[in-house]
Amino acid sequence: MFWRRNLYVLWTALFFGMLATTLILPFLPLYVEELGVTDQDAVAMWSALLFSGNFLTQALFSPLWGSLADRYGRKLMALRSFLAVAIFNYLMSYTATVGQLLAARVLMGSLSGFIAASVAIVATGTPDEHLGYALGFLQTGQVAGTVVGPLVGGFLGEFLSFRMVFRVAGGMVFLSFLLALFLVKETFVRSSRTSSGGLLADMTLVGTNPGLLQMFVVLLLAQFSIQIVEPILTVYVKSLQGSEEHLTLVVGIIFAATGLANVAASPFLGRRGDCVGHTRILFFTLLGAGIFYLPQALVRSPWQLLALRALLGVFMGGIIPCANALTGTLVAPELRGRAYGVTSSAVALGNLIGPLAGGALASLFGLRSIFLATGLLL
């Protein structure tokens with residue numbers, strides 16, 4: 001069955017793609033300094049722009065690529081995205097100013113979208129009775145790459161120049177491109193129902209489909225809840241343990257525990273969705289995630305936080321695959337590229353808004369308010 005081979009190949013491609021795109025995060029502020037920015041406030045500002053600019057353009061352009069996927073094929077859009085991300089990672093190693101680096105990040109965001117294209121390939125080619133499992137398993141590749149990426153980036157940064165790490169990242173994404181090119185098989189038939197779309201048409205698709213609108217909100221909120229702690233977790237852990245001793249190690253362990261629990265739970269919860277219904281599992285995982293987010297505001301030690309973050313990761317592992325599986329059932333197969341393009345915008349918006357909201361809440365109401373607010377939203 002081609003759907004199984006596609007699933008395993010795209011899992012590997014997403015793993016390397018996400019590993020490559022996250023391995024630069026540990027040293028991005030240091031690279032800003034290398035490009036001539038010395039004032040620490042300016043370094044922080046440029047780092048935030050570099051991080052958020054990529055997600056902003058990704059949110060704006062994802063519906064366009066989803067619409068084109070329905071017209072010309074999802075595999076073609078996956079190949080376009082993998083190749084573009086590989087090229088721009090390589091080009092970033094040659095930037096001479098931080099402005100050039102920002103331009104490259106923004107352009108890369110506008111041309112990215114390999115996650116949505118991969119999800120569309122799997123969702124369209126997988127039998128309905130295996131859809132939840134397949135999407136859950138596919139998510140583990142994405143999350144595993146995200147967990148491993150900063151660790152690999154930190155390791156490479158000890159031995160290679162920052163510019164060389166960008167080239168390594170480009171090579172990894174190019175490997176993903178080759179895997180998709182030669183090993184992914186798509187039987188694509190363009191339907192006469194497929195619209196030329198555009199952003200307005202895609203937003204209309206969401207607005208006229210209540211179920212799809214719900215999945216848009218769920219996916220935005222899920223990614224928002226993951227990213228909102230990014231700016232403050234290190235500071236929060238420091239406040240809990242009262243010193244900087246082994247701080248980065250402890251924070252890394254806490255992040256890794258959440259990600260690994262997510263990886264372990266996603267295929268199981270996706271398969272349970274296939275058996276008992278994805279709506280039921282989605283309700284259960286949203287409720288559980290909210291319950292385990294709230295007490296994080298009350299912990300008194302990093303290890304209490306670690307336990308709660310790991311339990312949170314278990315429930316978060318079911319939200320995205322179940323929401324993606326439900327998205328696939330809410331539209332006709334020939335419109336799934338558009339649907340996943342729009343929901344990819346929701347994920348990108350969550351990536352963009354989450355860290356900004358975390359910083360704002362922390363400055364206005366304190367660190368613990370972030371966990372209370374996010375738990376209630378979930």
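Q: First off, is this model predicted or what is it?
A: It is a predicted model.

Q: OK, helix H6. What span should its twelve residues have?
A: H6 covers residues 114-125. At 1.5 Å a residue, it should span 16 Å. The C-alpha atoms at its ends are 16 Å apart, so the two agree.

Q: How many of the H6 residues are buried?
A: Nine of the twelve, so H6 is largely enclosed by the rest of the structure. Among the buried ones are Phe-114, Ala-116, Ile-121 and Val-122.

Q: What covers them?
A: The cover includes helices H1 (2-22), H4 (74-92), H7 (131-159), H14 (302-330) and H15 (336-365).

Q: Take H7. At what angle do H6 and H7 cross?
A: Roughly 155 degrees, with the axes coming within 10 Å. An angle over 145 counts as roughly antiparallel, so that is how H6 and H7 run.

Q: Which residues make that contact?
A: From H6, Ile-115, Ser-118, Val-119, Val-122 and Ala-123. From H7, Leu-131, Ala-134, Leu-135, Leu-138 and Gln-142.

Q: How do the residues of that contact divide into nonpolar, polar and charged?
A: Eight are nonpolar, two are polar and none is charged.

Q: New topic: Val-165. Where is it found?
A: Val-165 is in helix H8, residues 162-183.

Q: Buried or exposed?
A: Val-165 counts as buried, because its relative accessibility is 0% and the cut-off for buried is under 20%.

Q: What does Val-165 touch?
A: Leaving out residues up to four places away in sequence, Val-165 touches Leu-23, Phe-27, Leu-156, Gly-157 and Leu-160.

Q: And how far apart are Val-165 and Ser-93?
A: They are 72 residues apart in sequence, and 8.0 Å apart in space, C-alpha to C-alpha.

How values were computed. Residues numbered from 1 in each chain as written. Predicted model: local features only at pLDDT ≥ 70, side-chain atom pairs only at ≥ 80, totals over all residues. Heavy atoms only, no water. Helix = DSSP H or I, 4+ residues; strand = E, 2+ residues; numbered from the N terminus. Expected span 1.5 Å × (residues − 1). Buried < 20%, exposed > 50% of the residue type's maximum accessible area, 1.4 Å probe, protein only. Contact = heavy atoms within 4.5 Å. Axes fitted to C-alpha atoms, helices over the stretch in contact; angles between N-to-C directions. Parallel < 35°, antiparallel > 145°, perpendicular 65-115°, else oblique. Nonpolar A, V, L, I, M, F, W, Y, C, P; charged D, E, K, R; others polar.
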